[in-house]
Amino acid sequence: MKSKRFNAVISETPAEVRAHIKFCMDVTDRLHELLLLKFDGKQKLLAEKMGKSEAEVSKWFSGIQNFTTKTLTKLSVAFGEPIIVVCTHEADEHAIFEQVKVPYSKKATELQIDIIGRLHPVEKLHKESEIMPYIKSIEHVIGLQSSKYA
Amino acid sequence: MLVLFELIDDLSEGKVEFYTIKLEGKNVYEFEEFEDKDFPDHKAELYELYNVIDEMRLRGAKKRYFKFEENAHAMPYVSNEIKESNKKDWGIRLYCIFINEGKVVLLNGDIKTHRNPRMCELVRKHFDLARRIGTILDKAILDKEINILEPRSLDQFEIMI
């Protein structure tokens with residue numbers, strides 16, 4: 001069978017609502033990833049580190065939450081890793097690595113940076129002079145995210 | 001009563017197979033019935049709900065995206081903004097059954113008007129149905145009547161409730 005109105009509702013969804021849902025789900029996924037990585041998946045250990053009650057921490061991990069920047073900052077400090085990264089207009093001198101993520105369901109491919117810094121699929125650049133020393137990257141780069149606090 | 005599971009083809013092209021059910025004696029599927037409902041005062045909420053489902057198609061149906069009410073898995077995402085502006089009710093509930101990251105059954109739902117779903121005239125029957133089917137499905141999985149790791153294994157599957 002096919003859904004009746006699902007795709008119509010998705011199409012008429014305002015762009016900001018769609019972006020908000022994606023953002024909230026990204027944050028949720030990141031929190032669960034960091035909890036596993038840093039605290040063995042145990043909310044109790046995170047609560048102890050933050051000096052919060054287990055109930056309060058548990059709330060953050062139930063369903064999809066709207067976090068304030070203050071809570072996200074506190075969580076970042078507790079994890080010792082960023083949860084979200086802001087694209088700064090100048091190079092971040094504290095960044096110690098660049099992170100490129102593969103969006104869901106996208107195939108990995110090779111990209112090259114041309115002499116003015118634009119990204120192209122490998123086959124589109126032919127002249128040696130047009131190509132900067134190439135990097136291995138991914139299709140549809142969603143952001144080069146500077147990460148980790150110095 | 002016989003319950004037939006059916007794959008929702010156009011929603012199942014990503015990482016998740018979404019199913020719905022048809023109850024014996026009814027002409028429409030449960031999720032179709034939900035889609036036909038009009039929620040004029042909850043439009044923003046419906047957008048959020050459908051977009052969470054849409055994102056799941058790309059990410060997989062992670063357990064953390066679901067709100068659990070006993071063994072019925074309602075699936076609402078309601079932002080604080082909407083929660084704060086809505087003083088009348090508890091918002092839309094679409095009841096569903098989470099099987100694993102690749103399989104979800106979408107059932108029916110409505111506006112929840114009471115904190116306890118059993119006390120709400122609108123969602124009570126959907127909540128009860130989700131619980132009953134969830135329990136029988138759990139048993140069928142344990143008894144290996146369905147292999148949940150196999151693609152489309154729930155399509156055309158029948159149970160008695």
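Which residues of α2(A) meet which residues of α5(A)? In this predicted model, local features need pLDDT of at least 70 and side-chain atom pairs count only at pLDDT 80 or more, while totals for chains, interfaces and linings use all residues. Side-chain values use heavy atoms, with hydrogens and water left out.

On the α2(A) side, the contact (heavy atoms within 4.5 Å) is made by A:Val27, A:Leu31, A:Leu34, A:Leu35, A:Lys38 and A:Phe39, and on the α5(A) side by A:Leu72, A:Leu75, A:Ala78 and A:Phe79. By class, that gives 9 nonpolar, no polar and 1 charged residues. Helix α2 of chain A covers residues 15–39 and helix α5 of chain A residues 69–79; their axes (lines fitted to C-alpha atoms over the stretch in contact) sit 10 Å apart at an angle of about 25 degrees. The two helices are therefore roughly parallel, a label for angles under 35 degrees.

Over in chain B, helix α2 (residues 43–59) has 17 residues and reaches 24 Å from first C-alpha to last, close to the 24 Å expected at 1.5 Å a residue. Of those 17 residues, 14 are buried (under 20% relative accessible area), so α2(B) is largely enclosed by the rest of the structure.

Leaving out residues up to four places away in sequence, B:Val104 touches B:Val16, B:Glu17, B:Phe18, B:Tyr19, B:Ala61, B:Phe66, B:Met75, B:Cys96 and B:Ile97.

Conventions
Residues numbered from 1 in each chain as written. Chains lettered and ligands numbered in written order. Axes fitted to C-alpha atoms, helices over the stretch in contact; angles between N-to-C directions. Helix = DSSP H or I, 4+ residues; strand = E, 2+ residues; numbered from the N terminus. Parallel < 35°, antiparallel > 145°, perpendicular 65-115°, else oblique. Nonpolar A, V, L, I, M, F, W, Y, C, P; charged D, E, K, R; others polar. Expected span 1.5 Å × (residues − 1). Buried < 20%, exposed > 50% of the residue type's maximum accessible area, 1.4 Å probe, protein only.
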